[in-house]
Amino acid sequence: MAAIAVDRERSAALIGRDIEHLSGAAYTRSTEAIRRYAYTPEYRNTLDWFAHELESIGFTVTEDAVGTMVARNRPPGEPSFGVGSHCDSNRNGGKYDGTMGVVTALEVCRLNVEHDLGLPLQLISFLEEEGSGFGQMLLGSRIIAQRVGEDDLRDRFRAVDDGRSFWEHAEAAGYEPARWRECAAVLDGLTGWIEMHIEQARVLQDTENRIGLVDAIAGYVHADVVVYGRGDHAGATPMDLRLDPTLVLAETAIELERLARAAGRGTVGTIGEVEVDPGLINAIASSVRFSLDIRGPLDEVYRGVAAEIAAFAQRAAEERGMRADYAERQALPATPMDDRIVGALEAAAATTGEPYRRMHSGAAHDTMCVADRVPTAMVFVPCVDGISHHPAEDADPADAALAAEIILLAIASLQ
Ligand SMILES: [Zn+2]
């Protein structure tokens with residue numbers, strides 16, 4: 001791997017400066033948190049700031065038909081390597097989720113110019129990753145991947161703030177949602193893609209690594225279980241005459257932990273919603289509904305856990321003389337990253353002498369949609385105590401600078 005003498009301290013200072021700047025009043029709708037999303041003045045200001053920075057180093061900046069920002073140092077369609085993330089936030093966000101990835105991608109572009117490397121680069125900042133505007137996660141990248149339908153955009157996806165459709169809002173902001181199918185062209189000519197993001201968990205911090213090289217993004221199953229018991233008086237009904245569905249919930253929660261631990265390999269299972277009917281202190285529940293969120297980087301493994309826990313809940317209900325129904329809400333397969341790009345990142349990380357590890361991402365990212373058509377990988381940096389989607393979110397620009405250097409070296413080695 002060719003040596004490029006990157007001044008990491010200088011990169012860290014620039015990344016830190018940019019993130020602080022983008023946390024200013026012009027870039028957030030809240031004084032307590034970072035809050036910016038599509039088609040608001042604060043989001044517009046953020047894109048304009050990036051566009052200005054990128055134009056100043058010779059990039060041509062455009063937006064697709066709904067507002068994903070694309071900056072190139074080569075004509076459209078010519079082969080180039082993609083870097084970027086998203087710069088919208090969740091409604092109660094911190095400074096780093098998404099934005100640090102775009103700022104780091106910008107630093108990769110700056111280093112490319114400073115070191116006169118001549119790498120063909122394309123920076124992308126995806127629209128509405130967090131779903132703060134319309135309640136739809138990964139919206140810009142899903143439009144690019146054509147994972148939505150026209151009906152969704154015209155009618156189904158509605159603004160959290162005022163209930164008007166995505167379509168209306170996009171048009172009011174000066175975009176042409178009728179041309180949404182052309183957004184697919186954003187990925188034309190990309191020979192690869194690397195997204196940097198804060199980890200949003202504590203693995204890197206706890207293992208004292210500065211860099212995570214993501215080799216897969218977890219898939220998931222979202223499902224509901226409803227257990228039907230018999231509503232009775234909590235005082236008058238003896239223990240042996242009850243059909244109490246909360247006991248099936250309790251047994252299922254313990255079994256889910258056991259199954260996910262036994263499956264290992266990154267499998268996680270969570271009961272996040274519990275709805276007890278009627279939910280009164282002096283009444284045995286007539287029914288209970290609970291959600292299942294089961295994820296992992298290996299489809300057959302976490303899907304196996306989902307199938308086993310569904311069967312377990314039904315059996316546990318039957319053994320107590322009750323009935324349980326299982327219904328899948330949504331499922332998304334895992335996204336393996338590209339071996340060649342992960343390998344190039346690993347070789348680059350090794351040359352820096354800094355601690356890194358391979359890992360998978362438990363959270364969803366725009367890269368999942370890019371991976372449909374382009375070889376991809378992701379780089380994680382630690383965030384303090386794993387806190388994310390919160391104003392207390394914190395990450396070190398020095399780690400982002402290290403990530404920028406590793407990404408630059410990897411892209412150079414892949415040319
Ligand atoms: Zn994010």
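Buried means under 20% relative accessible area. All views below show a predicted model.

**View 1. Glu-128, a buried residue with positive phi.** Glu-128 has 0% relative accessibility, so this residue counts as buried. Its phi is near 55°. That is a positive value in a residue other than glycine. Glu-128 lies in the loop between strand 4 (121-126) and helix 4 (139-144).

**View 2. Gln-146, a partly exposed residue with positive phi.** The loop between helix 4 and helix 5 (150-156) holds Gln-146. Phi of Gln-146 is near 55°, again positive in a residue other than glycine. Gln-146 counts as partly exposed because its relative accessibility is 31%.

**View 3. The cis peptide bond at Asp-277 and Pro-278.** A cis peptide bond joins these two residues. Omega is about 5°. Pro-278 sits in the loop between strand 10 (274-277) and strand 11 (283-284).

**View 4. Helix 1 against helix 3.** Helix 1 spans residues 8-21, and helix 3 spans residues 99-114. The two pack at an angle of about 135°. Their axes are 10 Å apart. The angle therefore makes helix 1 oblique to helix 3. The crossing of helix 1 past helix 3 is right-handed. On the helix 1 side, the contact is made by Arg-10, Ser-11, Leu-14, Ile-15, Arg-17, Asp-18 and Ile-19. Helix 3 supplies Met-100, Val-103, Thr-104, Leu-106, Glu-107, Arg-110, Leu-111 and Glu-114. Sorted by class, the contact has 7 nonpolar, 2 polar and 6 charged residues.

**View 5. The largest nonpolar core.** In soluble globular proteins, nonpolar side chains tend to be buried together. Here the largest nonpolar core has 98 residues. Phe-50, Leu-54, Leu-123, Phe-166 and Leu-345 have the most contacts inside this core. Helix 12 (residues 397-414) gives the most to the core, with 12 residues.

**View 6. Leu-123 and its contacts.** Leu-123 is one of the residues with the most contacts inside the largest nonpolar core. Neighbours within four places in sequence are left aside here. The contacts of Leu-123 are then Leu-54, Met-69, Val-70, Ala-71, Val-83, Val-102, Ala-105, Leu-106 and Cys-109. Leu-54 is also listed among the residues with the most contacts inside the core. Leu-106 also takes part in the contact of helix 3 with helix 1.

Definitions and conventions
Residues numbered from 1 in each chain as written. Predicted model: local features only at pLDDT ≥ 70, side-chain atom pairs only at ≥ 80, totals over all residues. Heavy atoms only, no water. Axes fitted to C-alpha atoms, helices over the stretch in contact; angles between N-to-C directions. Helix = DSSP H or I, 4+ residues; strand = E, 2+ residues; numbered from the N terminus. Parallel < 35°, antiparallel > 145°, perpendicular 65-115°, else oblique. Left-handed = near helix turned anticlockwise from the far one by under 90°. Contact = heavy atoms within 4.5 Å. Nonpolar A, V, L, I, M, F, W, Y, C, P; charged D, E, K, R; others polar. Core = buried A, V, L, I, M, F, W, Y, C linked by side-chain atoms within 4.5 Å. Buried < 20%, exposed > 50% of the residue type's maximum accessible area, 1.4 Å probe, protein only.
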